[in-house]
Amino acid sequence: MSSTCAARQPLWRHPEFARGAREMTGTALGIGAWALVTGVAMAKSGLPLPLSVLMSVIVFAGSAQLAALPLLVSGAPLWVIWATALCINMRFAIFSAGWRRYFGQLPRGARLRMAYFAADLNYVLFLRRFPDPAPAPEQVPYFWGGVACNWTAWQVPSLLGLLLADSIPTAWGIGFAGTLALLGITYSMLHDRATWIAAAVAACAAVAAFALPLKLNILVAIAAAVAIGLLIDRTTPKHVRPMEDRT
Amino acid sequence: MTTIDGVIAIFGLAAITVLTRGLFLIPERDVPLPAWLQQGLRYAPLAALVAVVAPEVVLTQGQLITTWMDARLPAVAAATAYFFWRRDILGTILSGTAVLLILKLGFGW
């Protein structure tokens with residue numbers, strides 16, 4: 001009976017919803033600064049304001065937006081614009097294989113609704129909260145709590161940046177706060193030799209491959225880190241690691 | 001570009017957000033992934049974050065920075081020191097941004 005009662009409870013009243021939101025607040029300031037700068041950049045791109053607002057609200061993918069904007073303004077063919085966004089977002093496709101292990105049993109509509117809102121940091125924090133890739137009832141409220149915080153922390157400053165573009169001094173480099181937020185999250189994921197080495201390899205690969213178009217350097221870095229990570233996993237003696245899914 | 005073109009492009013971009021973020025969530029049956037790939041995927045989010053952060057710190061206009069007098073380096077050093085001292089993300093952001101602003105606004109770096 002208790003599980004039926006829990007199911008009737010509104011999602012946002014679930015303690016895991018609050019926890020998901022709370023664990024996202026640490027990075028919210030950095031996300032917000034980044035969104036603000038993205039909004040300013042969008043406003044200065046030459047796209048009419050109503051279209052920029054529409055884009056910010058419904059596309060909800062910062063780097064794809066920034067890449068698509070100049071193409072859109074210059075009248076590039078639709079398929080070029082969409083192919084660009086597709087490549088830049090490809091890292092999310094990799095994460096979706098991870099989401100599947102938690103949410104694969106939900107109805108397809110629910111899965112896709114969650115996928116739309118699942119940004120990078122949602123994935124990172126979710127995996128830290130639930131390292132064991134098996135479905136559990138508290139995962140859905142935790143997910144939506146993190147999404148609620150991240151979505152708000154992104155959309156509100158992004159719209160402010162769009163509307164107040166001329167009075168926000170981007171030369172101060174406040175967008176760097178977003179990089180620092182990601183840096184902190186990155187550090188929190190380094191917990192053994194394998195992750196440190198994988199991170200170092202990914203950093204070198206991302207910088208070395210930076211000249212590639214469409215931010216493909218991100219995919220190069222992921223491939224390099226996965227390869228070196230697997231190599232380390234196979235060449236080091238087995239011991240229990242909290243993030244490993246089989247023993 | 002007409003407004004209608006823009007709206008179509010933007011709705012397409014939103015669809016791409018769903019398509020990419022949900023790629024492996026679309027099929028009803030599990031898509032079998034090789035075990036080594038499943039295991040290797042635990043490094044993917046870490047690598048994606050690093051791949052966004054590293055170029056933002058050491059590149060300017062796609063070129064490696066050539067001077068130590070770049071406000072980003074002390075900012076990252078301060079943020080790093082703070083993180084490993086307190087393990088707190090908010091403080092990491094604030095300490096790094098404070099150093100950045102002091103160097104940029106105060107010293108003109």
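What is the handedness of the crossing of helix 10 of chain A and helix 5 of chain B? The crossing is right-handed, where right-handed means that the near helix is turned clockwise from the far one by less than a right angle, and left-handed that it is turned anticlockwise. Let us see where that pair sits.

**Before we start**

This is a predicted model, in which local features need pLDDT of at least 70, side-chain atom pairs count only at pLDDT 80 or more, and totals for chains, interfaces and linings use all residues. Residues are numbered from 1 along each chain as its sequence is written, while chains are lettered from A and ligands numbered from 1 in the order in which they are written.

**The two chains**

Chain A has twelve helices and zero strands; helices (H or I, at least four residues) and strands (E, at least two) are DSSP runs, numbered from the N terminus. Chain B holds five helices and two strands, and along the sequence its pattern reads α-α-α-β-β-α-α. The radius of gyration of chain B is 21 Å, well over the 13 Å that the globule rule gives for 109 residues, so chain B is more spread out than a compact globule. This radius is taken over C-alpha atoms, and the globule rule is 2.2 Å times the number of residues to the power 0.38. For chain A, with 247 residues, a compact globule would have a radius near 18 Å, and the 19 Å of chain A agrees with that. Along the principal axes, the C-alpha trace of chain B spans about 55 × 50 × 30 Å, and the C-alpha atoms of chain A fill a box of roughly 55 × 50 × 35 Å.

**Inside chain A**

Chain A is divided into domain 1 (10–189) and domain 2 (191–247), with bounds that come from an automatic or database domain assignment. The C-alpha centres of these two domains of chain A lie 23 Å apart. Their contact takes twelve residues from domain 1 of chain A and eleven residues from domain 2 of chain A; two residues are in contact if their C-beta atoms, placed from the backbone, lie within 7 Å. On the domain 1 side, helix 5 (78–88) and helix 6 (90–103) of chain A each supply at least two residues. That side of domain 1 of chain A divides into seven nonpolar, three polar and two charged residues. Here Ala, Val, Leu, Ile, Met, Phe, Trp, Tyr, Cys and Pro count as nonpolar, Asp, Glu, Lys and Arg as charged, and the others, Gly among them, as polar.

**Where the chains meet**

The contact between the chains takes 62 residues from chain B and 77 residues from chain A. Helix 3 of chain B gives the most to the side of chain B that touches chain A, with 15 residues. That side of chain B has 42 nonpolar, twelve polar and eight charged residues.

Two packed helices are described by the angle between their axes and the distance between the axes. Axes are lines fitted to C-alpha atoms, for helices over the stretch in contact, and angles run from 0 to 180 degrees between N-to-C directions.

| Helix pair | Angle | Axis distance |
|---|---|---|
| Helix 10 (176–188) of chain A and helix 5 of chain B | about 140 degrees | 9 Å |
| Helix 11 (193–208) of chain A and helix 3 of chain B | roughly 50 degrees | within 8 Å |
| Helix 8 (120–129) of chain A and helix 9 (139–163) of chain A | about 145 degrees | 10 Å |

Helix 10 of chain A is oblique to helix 5 of chain B. Angles under 35 degrees count as roughly parallel, over 145 as roughly antiparallel, 65 to 115 as roughly perpendicular and the rest as oblique. Residues in this contact include A:Phe176 and A:Leu180 of helix 10 of chain A, and B:Ile89 and B:Ile93 of helix 5 of chain B. By class, the contact has nine nonpolar, four polar and no charged residues.

Helix 11 of chain A is oblique to helix 3 of chain B, and their crossing is right-handed. Among the residues that meet are A:Thr195 and A:Ala198 of helix 11 of chain A, and B:Leu46 and B:Pro55 of helix 3 of chain B. This contact has 13 nonpolar, one polar and no charged residues.

The crossing of helix 8 of chain A and helix 9 of chain A is right-handed. Here the residues include A:Phe126 and A:Arg129 in helix 8 of chain A, with A:Tyr142 and A:Asn150 in helix 9 of chain A. Their contact has six nonpolar, three polar and one charged residues.
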